[in-house]
Amino acid sequence: MDKPPPDITVTVLGSGTCVPSLKRGSCSVLVETGGRKWLIDSGAGTLRRLLEVGTTIAELSHVFYSHLHPDHTSDLVPLLFATKYPDGITRSEALTIVAGQGFADFFQRLKNVYGHWIELGGNMLRIIEMSTAGWDHVRLAGVDIHTAPVEHSPQSIAFRISSPGGRHLVYSGDTDMSESLVDLARGADLLICESAFPEGQKVRGHLTPAMAGDIAARAGVRRLMLTHFYPVCDQADIEGECRRTYDGPLILARDFLRMTLE
């Protein structure tokens with residue numbers, strides 16, 4: 001008897017930041033659940049990373065944006081341009097973008113620069129804005145998406161993806177300590193949480209490993225994955241710092257890391 005597919009598969013496309021790195025690309029995660037492929041953030045280099053893990057842009061059904069900073073949105077324009085002018089691979093359904101309030105205005109400003117080059121036409125692009133003032137929810141293709149605002153920028157939201165099989169994945173995006181993230185991540189099977197700077201080098205709007213661990217411990221998550229590492233993190237004991245506050249299963253993200261939630 002064939003083994004059923006995993007409920008959720010997660011592939012890290014970029015575990016780094018805005019700082020150019022041969023080791024880590026800018027932020028992006030590919031999620032596969034409900035028979036579809038969902039992209040979370042698309043920092044520079046994401047489209048190439050997708051091809052390297054065997055996914056074309058036409059296979060993406062939804063793109064989620066945690067906020068609008070360039071290291072999370074840089075490949076949006078190339079994605080739309082390539083979708084409008086494909087080379088033999090075309091979309092069969094509209095691309096849906098889910099982001100916090102303010103995204104539609106951001107997209108309009110991009111069109112002021114790029115014009116018809118990024119206008120898909122034919123109702124092939126759908127934008128859904130989620131609340132940045134409180135919790136929000138939308139159900140897409142049988143998958144429940146809950147969001148909550150987090151402490152980073154006015155448009156910043158975290159995502160909770162609940163699969164048809166009952167698994168729960170939470171993606172923090174960039175954030176400082178946020179009680180809303182603790183609540184959103186409650187009991188999640190996996191929390192993918194930013195941990196941008198080591199202890200003693202904290203920057204406003206970002207977490208340290210111990211802070212991320214505290215969020216995971218208070219939320220009671222089953223597994224914690226740290227990501228969004230600035231280069232200084234490669235010279236620090238990120239795991240040891242996180243263990244000050246969190247003693248559960250811990251993964252340090254790296255580009256092309258792939259895991260399943262079953």
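Which residue in β4 does Ile-40 stand opposite? Ile-40 stands opposite Phe-64. The points below start from that pair.

1. Basis of the note. This is a predicted model, in which local features need pLDDT of at least 70 and side-chain atom pairs count only at pLDDT 80 or more, while totals for chains, interfaces and linings use all residues. Residues are numbered from 1 along each chain as its sequence is written, and side-chain values use heavy atoms, with hydrogens and water left out.

2. Helices (H or I, at least four residues) and strands (E, at least two) are DSSP runs, numbered from the N terminus. Two strands pair if DSSP finds at least two bridges between them. Strand β3 (residues 36-40) pairs with β4 in the parallel sense, over 4 bridges. On the way from β3 to β4 the chain passes through helix α1 (residues 46-52), and this β-α-β crossover is right-handed. That term means that, with the strands pointing away from the viewer, the path from the first strand over the helix to the second runs clockwise. β4 also pairs with strand β5 (residues 95-100), again in the parallel sense and over 4 bridges. In β5, Val-98 is the bridge partner of Phe-64.

3. Burial of β4. Buried means under 20% relative accessible area, exposed means over 50%, and partly exposed lies in between (1.4 Å probe, protein chains only). In strand β4 (residues 60-65), 6 of the 6 residues are buried, so the strand is largely enclosed by the rest of the structure.

4. The open sheet. Seven strands form an open sheet in the order β7-β8-β9-β10-β11-β12-β13, with mixed pairing. Its edge strands, β7 (136-140) and β13 (250-252), each pair on one side only. On average, neighbouring strands of this sheet are turned by 20° against each other, direction ignored. Within the sheet, β9 (residues 157-162) and β10 (residues 168-171) run antiparallel and are joined by 4 bridges. Arg-160 stands opposite Val-170 in β10.

5. Helix α6. Helix α6 (residues 209-219) lies across β11 (190-194) and β12 (224-227), and runs at about 150° to β12. Such angles run from 0 to 180 degrees between N-to-C directions, with axes fitted to C-alpha atoms, for helices over the stretch in contact. Of the 11 residues of α6, 8 are buried, so the helix is largely enclosed by the rest of the structure. The buried residues include Pro-209, Met-211, Gly-213 and Ile-215. Among the elements that cover them are α5 (179-184), β11, β12 and α7 (238-242). After α6 comes Gly-220, with a positive phi near 65°.

6. Nonpolar cores. A nonpolar core is a set of buried Ala, Val, Leu, Ile, Met, Phe, Trp, Tyr and Cys residues joined through side-chain atoms within 4.5 Å. The largest has 29 residues, of which Leu-169, Leu-190 and Met-225 touch the most other members. Apart from it lies another core, of 26 residues, among them Val-182, Ile-215, Leu-224 and Cys-233. Contact means heavy atoms within 4.5 Å. Leaving aside neighbours within four places in sequence, the contacts of Leu-169 include Ile-8, Val-31, Phe-159 and Leu-261.

7. Salt bridges of Asp-234. A salt bridge is a side-chain nitrogen of Lys or Arg within 4 Å of a carboxyl oxygen of Asp or Glu. The structure holds 15 of them. One joins the side chains of Asp-234 and Lys-23 (3.5 Å, N to O). Asp-234 lies in the loop between β12 and α7 and Lys-23 in the loop between β1 (8-14) and β2 (28-33), so the pair ties together parts that are 211 residues apart in sequence. Asp-234 is partly exposed at 36% relative accessible area, and Lys-23 is exposed at 51%. Arg-24 also forms a salt bridge with Asp-234, with the closest N and O atoms 3.5 Å apart. Arg-24 counts as buried, at 11% relative accessibility.

8. Glu-52 and Arg-48 meet in a salt bridge through their side chains (3.9 Å, N to O). Both lie in α1, 4 residues apart, about one turn of the helix. Glu-52 is partly exposed, at 42%, and Arg-48 is exposed, at 61%. Salt bridges that share partners join Arg-48, Arg-49, Glu-52 and Asp-255 into one network.
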